[in-house]
Protein chains: 2
Amino acid sequence: MGDLPNSQLHSIFAPQSVAVIGASIRPESVGRAVFSNVLRYGYTGVVYPVNAKARSIMGVRAYPSVLEIPDPVDLAVIIVPSFSVAQVLQECGQKGIKGAIVITAGFKELGGEGIKREAEVLNAARGSGIPLLGPNCLGIINTDPSVSLNASFSRLMPSSGNIALVSQSGAVGVAALEYAQSEKIGLSKFVSVGNKADLNENDFLAYLHEDPLTDVILLYLEDLADPGRFFQLAESSSPRKPILAIKSGRTAAGAKAASSHTGALAGSDAAYDALFAQCGVMRVESLEELFDYALAFATQPLPKGNRTAIVTNAGGLGIMATDAAERYGLAMADFEEKTLARFREVLPPAANIHNPVDVLGDAGEECYAAALDGALADAQVDGAIVISTPQLMTNLAAIAAAVSRVASGHQKPTLVCQMALGEIEETLTILSQGRLPHYHFPEEAVRTLAAMARYARNLSRPLYQVKTFADVDREKVAQVLAGAKKEGRRFVLEPEAHRIFQAYGFPVLPHRWVRAAVDAVQAAEEFGYPVAVKIISPDIVHKFEVGGVKTHLHTAGEVRRAYDQVLADARKLRPQAALAGVLVQKMAAPGTEMILGMTRDPLFGPLLMIGLGGTLVEIFKDVMFSVAPISEEWARTMVQDLKAFPLLSGYRGEPPRDLDIIAECLERLSQLALDFPEIRELDINPLMVHAQGQGAAVVDARIFVG
Amino acid sequence: MGDLPNSQLHSIFAPQSVAVIGASIRPESVGRAVFSNVLRYGYTGVVYPVNAKARSIMGVRAYPSVLEIPDPVDLAVIIVPSFSVAQVLQECGQKGIKGAIVITAGFKELGGEGIKREAEVLNAARGSGIPLLGPNCLGIINTDPSVSLNASFSRLMPSSGNIALVSQSGAVGVAALEYAQSEKIGLSKFVSVGNKADLNENDFLAYLHEDPLTDVILLYLEDLADPGRFFQLAESSSPRKPILAIKSGRTAAGAKAASSHTGALAGSDAAYDALFAQCGVMRVESLEELFDYALAFATQPLPKGNRTAIVTNAGGLGIMATDAAERYGLAMADFEEKTLARFREVLPPAANIHNPVDVLGDAGEECYAAALDGALADAQVDGAIVISTPQLMTNLAAIAAAVSRVASGHQKPTLVCQMALGEIEETLTILSQGRLPHYHFPEEAVRTLAAMARYARNLSRPLYQVKTFADVDREKVAQVLAGAKKEGRRFVLEPEAHRIFQAYGFPVLPHRWVRAAVDAVQAAEEFGYPVAVKIISPDIVHKFEVGGVKTHLHTAGEVRRAYDQVLADARKLRPQAALAGVLVQKMAAPGTEMILGMTRDPLFGPLLMIGLGGTLVEIFKDVMFSVAPISEEWARTMVQDLKAFPLLSGYRGEPPRDLDIIAECLERLSQLALDFPEIRELDINPLMVHAQGQGAAVVDARIFVG
């Protein structure tokens, strides 16, 4: 057996011997399915059935207990009833077994008694020092020919390949195995992680990262056991081995289903989106996308850019593929003159030599070969899609062979779309052998190449290095928060919020907390006009609702009147509210209003948010989230990924906005949020952002604590 | 042969006899393929091969010319070289042939000589009174068992079904036939329209509308021959027979120089989007969508709403389907208490009885039947999706049969997703016989049901009745336009634009064209402050660029200064410009700024546009287009379909805006654009829209002519 890494999981994926505890001959029983899978799919080690009563299972000598097996056993696959599992695990410990897969269901997913039973099982495993996969899982499959172990009750054994699949749902795993087989997609490893009582996706990510037989890692997740560790593992893996993930339960409705199904603790979905993006995991929506992408990532080099050539024998499909290219963010390559000259020479006169290249309905394999070779040799082309339909004289198998041959001579991704019925089996085999990804519809090939281009672009970002600002005053912030806590307040007062932001190096405006009109006027005179005044009260969160904000005050008289007015209005509209004075604040120079915020996810910790201010942005939901901490680079990425980014980068002759200060504010916010877990949520709304080099100003802010 | 409508096309789809002119025995020739298709797919009439030299083709007596066929011939299928086609058509005329399909290529699609040759062919057909399909087409197929004619060179004969396909691309047609066959989707008719020299999609739409064997019409289009006629035909067909269309070449945008915002925002494709939406055609993006939807429309009743039940034996797939439901706009149904009570009784205790219903991995067909029957009987459910994966004890065929039986007892759409490999052939047959649409992935089923719900909602709109406003002054508009034309101007001056809008009943603001400061002041005094002044010049389109607009003028002094200033600035910045005075305009009361516009498409005529004003809307491209004329209902639909619509309908306690006046302005704009083809483009930007009942005001407008 191969020299596999991570000895702990090595006993699970590549054991020298396996005991199937609960092996059975009862038809349609899981115990029979598992044992039969180990036996019939060519396991290279020794398998021992364990069954309390049977002398043999399928002709193999059976033992009443693991303890009676005369030889050493590496792996136990356990299918006994749920109440016996803990006991069996203790025996496994006595036997010196190094890993266990508990397939039996009836644990945490049932709630109540099941949760308790799962804790007992985990205790038994930990007590015996046995790493445990499951319970309530389908098992594992290792297609490595030197192991060839199907320790699952899947009815299929995938062919071997370089794609690994980790699934949190057994049924989704089954569906995925069926699909992979129907598309002739080979797998290296398959793991169903079940309830993740002990081993979870992170353990397998770490293992697969080192597995020389795995080049692409697919995940189906319903939650993450430990987002922080996932981040670290994925971040170091994703540049070398693409990780593609489905995280289901995306919607509120979906999340509800998730908790009722596996008892999983669903994190907020914005956090998952953010985390995946930040650590380079490509999130996809469906199994179809998952395998469409995996097939290309597993066989093709990443493109250097998004300039795409399309070669087709059907003009209409070429147009549809071009439409799809625009939709999915690919650019149609503009061929070099020498490529066009070559096409004029080798392609028939009626062919369209411009992209999409139409080699015409009667094109033979030479024609395809010439067109693809020319396109891939063109310096303006980053990747190619070849479309073939069965027309009168079309030999699809010959074309598939020619395309495979040509593609292998270039270091650019080539994807094939073949819309045919009869020859599909034959050509699929040719394409699989030629390691060319194949799709049923042009749109699928286009979407996949676009995903590769996005992934490649993401890899070019610099390492995720988090800056720590030294010029912050933790003491001052702690003081303010302690004060609010002492008074039992759920939010800090606005001047306190400015004090906090000031302590953390944010660009706050000149402001003063006053309790007399004369002091308000003096502050205004010092700051320079115009100023704003705002009511301060521990009982008023929404100052605007009580007319508690007066802006654009240009004279001492206006300030004095505004001072009296906000107090009078507050007394009238909120007679019960304690009033703590008035905030005088210099007005910010005009700029672009942005919103910066933080909310704390129970599983992920602080989630940072940036967006443009104003109601339209709310309606278009044009905000970006990230999990803290963030690097400067990532802060810039968040801003650039806003749909409204063009408004910040010099729209229609406007000067570009100060992107440096936005990024810095995000980084400082990240640090503040991590330093003070007692800050529950906060908004800076608006952060007024000025032109490049001119900075920004925190105009209004709310900080919620506790 | 059946009593088919539209006698002209009857000769093409259901001829009593067919001459294949250019029939051949040469291997891989089109002439051989066509003749052999007619012969071997059981044509119920008589086929005569015509070949200059052969005594017989495939054992059938051949004739050197149609004229020598001793019996009457209804249809000629022509595959002779392009230069002989016109001659052959003349002979067909002499013979009294009633319809011709010219499969031969080498015409308009080649340009140059080919265009001329196509004109000759058309002349010959018209001269002989023969309706002509093609040239450069694949042919037609009629699966009606009483005809059973495959007069094409497709290598497949689809099974019979109630879906018709009209394709402008032969190769896309081929791809579609291959796909339909692989999915066991039957067709009623197939037409490849080729170059559309004579017959085009409209002729076939009219025919299929009457065809009793066709329930759903699929179109693959690269252009429309006559959008106006298409609109009428589709509008009357779509409520009874859903029409699903791919229009490719979405992005093949000719860089059109647009003067107006509207022109710039209207992609080449906006007109197609608008037209399809207005006449109830469902536009789709890919062949996969086309057939996914067709299969459901062809077999299932339309849902009454979008409340969906999901039944699955795999929880993970249920969650993914739920996620997809949210993504595609379906709502997850909330079951009635009595349904839940029933589920508690009939489903196993561990099953999830809430939507998505998880019948668990070991569910048998009874379990599926009970769950689906309960869901479909629930008044809160409009449609259902059934998901099955092959687990250990799963009998997919039995489940498919049970699902078919249960679904047939309810009048609600039921879609099936089965993720399996081995049983797919068997269960596909069961599902096809049960007339249940089947999908490979839950997302496809969800997307399809969502499309049905959208389609059904669209059908509920009232008839498309266009109002004609009588209170318009055509004479006045004609006068203004004639004046601009006489002076060779490309746009009308702003006061002229307001005159035009006023003449057509738009809410214009009090305004006056003045040539002296004293008149400006007098106008302001009459209108009441605040006012705006704007420079008027036939040489200045972009007034803002020369500081030519001053707003918020509150006093006579401000008006006088502004008057002098705009003239002085214009003289300084555009010394060559002729200055025609100044426009004094009352300022509009505050409101929501919208943009209303029109641009003229060469094929479609006036395209109307509505959107919110401001730069964000431009960035989010949140505008709606429609082809004129529009009904009041459609005008309202345009506004409601804006993503920013919530801002107009009472956002966060704001009063709702005056939607009536927006709709009326759109209708009046429609009338204006149709009445005056010399108006090339126009923008009203902004139209200031006030609260409900308070109307709106045309603040700024540009009209381009010629």
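Hi everyone. Let's start inside chain A, where seven residues of domain 1 of chain A are in contact with 13 residues of domain 2 of chain A. On the domain 1 side of that contact, helix 10 of chain A gives the most, with four residues. By class, the residues on that side of domain 1 of chain A are five nonpolar, no polar and two charged. Please keep in mind as we go that this is a predicted model.

Now to a pair of helices in chain A. How do helix 13 and helix 14 of chain A lie relative to each other? Helix 13 covers residues 365–377 of chain A and helix 14 covers residues 396–408 of chain A; their axes come within 9 Å and cross at roughly 25°. Angles under 35 degrees count as roughly parallel, so helix 13 of chain A and helix 14 of chain A are roughly parallel to each other. Their crossing is right-handed. If you want to find the contact on the screen, helix 13 of chain A brings A:E365, A:Y368, A:A369, A:L372 and A:D373, while helix 14 of chain A brings A:A398, A:I399, A:A402, A:V403, A:V406 and A:A407. Sorted by class, that contact has nine nonpolar, no polar and two charged residues.

Next, the two chains together. Here 63 residues of chain A are in contact with 62 residues of chain B. Several helices of chain A give two or more residues to the side that touches chain B, among them helix 2 (30–40), helix 5 (170–182) and helix 10 (287–299). That side of chain A divides into 33 nonpolar, 19 polar and eleven charged residues.

Last stop, chain B. It has an open sheet of seven strands in the order 9-8-11-10-12-13-14, with mixed pairing. Which strands stand at the edges? They are strand 9 (149–152) and strand 14 (282–283) of chain B; each has a single partner strand, so one side of each is left without a neighbour in the sheet. As a reminder, strands of a sheet pair through backbone hydrogen bonds, either parallel or antiparallel. For one pairing in detail, take strand 8 (residues 139–142) and strand 11 (residues 187–192) of chain B, which pair in the antiparallel sense over four bridges. There, B:I140 stands opposite B:V191 of strand 11.

Thanks, everyone!

Notes. Residues numbered from 1 in each chain as written. Chains lettered and ligands numbered in written order. Predicted model: local features only at pLDDT ≥ 70, side-chain atom pairs only at ≥ 80, totals over all residues. Pairing = 2+ DSSP bridges. Contact = placed C-beta atoms within 7 Å. Nonpolar A, V, L, I, M, F, W, Y, C, P; charged D, E, K, R; others polar. Axes fitted to C-alpha atoms, helices over the stretch in contact; angles between N-to-C directions. Parallel < 35°, antiparallel > 145°, perpendicular 65-115°, else oblique. Left-handed = near helix turned anticlockwise from the far one by under 90°.
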